[in-house]
Amino acid sequence: MSAAATRRLTTAQALVRFLAAQYTERDGVRHRLIAGTWGIFGHGNVAGLGQALVEYREAMPYHQGRNEQAMVHAAVGHARHLNRLSAQAVTTSIGPGATNLVTGAALATINRLPVLLLPGDYFASHAADPLLQQLEHPVEADVSVNDALRPVSRYFDRITRPEALLTSALNAVRVLSDPAETGAVTLALPQDVQAQAYDWPEEFFADRVWRVRRPAPDPAELAEAVRAIHAAARPLIVAGGGVHHSEAEPALQALVDATGIPVASTQAGKGALRHDHPADLGGIGHTGTAVSDALARTADLVIGVGTRYSDFTTASGTLFQHPGVRFLNLNITAFDAHKLAADTLVCDARSGLAALTDALAGHRVDAAYETEYRTGRARWEEAVEGAFRADDDSAVPTQTQVLGALDTVVGDEDVVINAAGSLPGDLHKLWRARSPRQYHLEYGYSCMGYEIPAALGVQQAAPDTPVWALVGDGTYLMNPTEIVTAVQENLPVKLVLVQNHGYASIGGLSESVGAERFGTDYRHRVADGSFTGAPLPVDLAANAASLGMDVLRAKTVRELREALATARAATRPTCVYVETAPPGTALPAEAWWDVPVAEVSAREAATQARAAYERAVADRRRHL
């Protein structure tokens, strides 16, 4: 018997060759699992993965980043836009390059989105010890800074011998491709092991297809779900991101068309129904619409589909107030399905929704209930029109009028990206999502600095799609560096840069909880130590231009519309810069959010805020 065929490669070369041969497949459609690798090279990865990526540059596309956290955001944006069927890898040096991955990894895992992290690590042999940037632990010599990635990774391993990769690489892609397990995956790579050669089995490099399952609901669970829906007079569907990940939007619409059950959406689920569908109520929770939250308070059955029920969705446990309210959760993970003591349908969203539609044949909500929510929906649409409308085209626009101007410019295929600040609340309430992939809000981690790099990842996933990154001045100052990458890679992302001179969202929250907007303005410090003087002489538009973007400055509503239209047609990275007029947001929150207020204080603002807090928290319920 002849020996099995082998190929002698370094560990890093073997990893790149292996990753290039991995595929996902769902519904008969195949996708490359690792579509490319982002990297910033330094000691710890330049001689290992850096050499491997140049050796196999035709098999594994490489993208040069400027900030390690931003590279993870770009990869996450790419994976989300492709419904988690394709991902990207990120490689860094050891030390600060590696620790800069932690925030991005947390964002990926919280949002259930796949990304492969490949940080460099210390010498496994301890031949050079301590080496530059190594963390020395007095009693745990095998600890490195990469261990900070353990709690934010769905799978973690340190590859201390070449042959260990044979098992760990398979486990890594298993987790990346599993819709119930996915998130950040970390393979920490000691720099000496990266460069070591090994005789790898040829089978390790064969094309491998990871089939993404669509598990059907258990018949007993399905029967119980049908009984619950038949018994409900005021059912409400809460659509989460799992609807999009499963590509279950047509199945959701089929259920809604057949039964008349209305749909409210989380930040991740918005767009599950097109905005003009008569059963689409818009966002739910603290940043939800008036009609959505009003129905949530009186719903006797809440049907969660692919949602993890964040505190913004539940209004910190105060939203669902019907005395007999029960929950039915359809989710591919049992962990999320069991939340709020719900009846469960643990299955794929599309499979579960289709099964429910078939089992509910002939069932429909009462006509009076449909009339009620459609009337509320029409009233809310009038509120949206009022927020978007600008009666004077020569005036400085408010932030909601910026969204109104963008609403008139975008097409069904455009993608709008945001993550933090005051914009998520306005977008959740007001944005008219025209297609399933248009509304791209990262609100699991609500990470400032996500928007620009995520736009790069989405643009790579959808090269011919107009991609808009909406950022305020606070977010822009956190992480503008990937503008350079957009220019380098000729990615024609569109940046809408809103200047309101501070942390507008947290400023409003600060005022509401008695902290008096302290430390939230970008202004000169005045005599009493506060920051309430004149705005700082900072020109963010000039900064964007200095990084290589084409910049259009808009001072009025009319100029803004013209600039947005120009940006949409642009073939290179373009920024529309606009300074907004107060108010920062036009419509108040429709539901509470729990931010504990000082129980005692000598300041009147805090005392009043505490009294309001105690009134609100009294409405919290434990759903058991």
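How many bridges join strand β7 to strand β9, and in which sense do the two strands run? In this predicted model, five bridges join β7, which spans residues 115-121, to β9, which spans residues 184-190, and the two strands run parallel. The pair belongs to an open sheet of six strands, ordered β5-β4-β6-β7-β9-β8 and paired in parallel. The points below follow that sheet, then the helices lying across it, and finally a contact between two helices.

**The sheet as a whole**

- Strands β5 and β8, the latter covering residues 155-158, stand at the edges of the sheet with a single partner strand each, so one side of each is left without a neighbour in the sheet.
- From one strand to the next, the twist of this sheet averages 20°.
- In general, the strands of a sheet pair through backbone hydrogen bonds, and they do so either parallel or antiparallel.

**Strand β4 and its two partners**

- Strand β4, made up of residues 34-39, is mostly covered, since five of its six residues are buried, that is, under 20% relative accessible area.
- Toward strand β6 (residues 87-92), β4 is joined by four bridges in a parallel arrangement, and within β6 it is Ala 87 that stands opposite Ile 34.
- Toward strand β5 (residues 62-64), β4 pairs over three bridges, again in the parallel sense, with Gln 64 of β5 as the bridge partner of Gly 39.

**Helices lying across the strands**

- Helix α3, running from residue 68 to residue 81, lies across β4, β6 and β7, and its direction is at about 170° to that of β6.
- Helix α6, formed by residues 164-177, lies across β4, β7, β8 and β9, and runs at about 160° to β9.

**The contact between α8 and α14**

- Helix α8 (residues 219-231) packs with helix α14 (residues 349-359) at an angle of about 60°, and the axes of the two helices are 10 Å apart.
- On the α8 side the contact is made by Leu 222, Ala 225, Val 226 and Ile 229, while α14 contributes Ala 355, Leu 356 and Ala 359.
- Sorted by class, this contact of α8 with α14 comprises seven nonpolar residues, with no polar and no charged ones.

Terms used. Residues numbered from 1 in each chain as written. Predicted model: local features only at pLDDT ≥ 70, side-chain atom pairs only at ≥ 80, totals over all residues. Heavy atoms only, no water. Axes fitted to C-alpha atoms, helices over the stretch in contact; angles between N-to-C directions. Contact = heavy atoms within 4.5 Å. Nonpolar A, V, L, I, M, F, W, Y, C, P; charged D, E, K, R; others polar. Buried < 20%, exposed > 50% of the residue type's maximum accessible area, 1.4 Å probe, protein only. Pairing = 2+ DSSP bridges.
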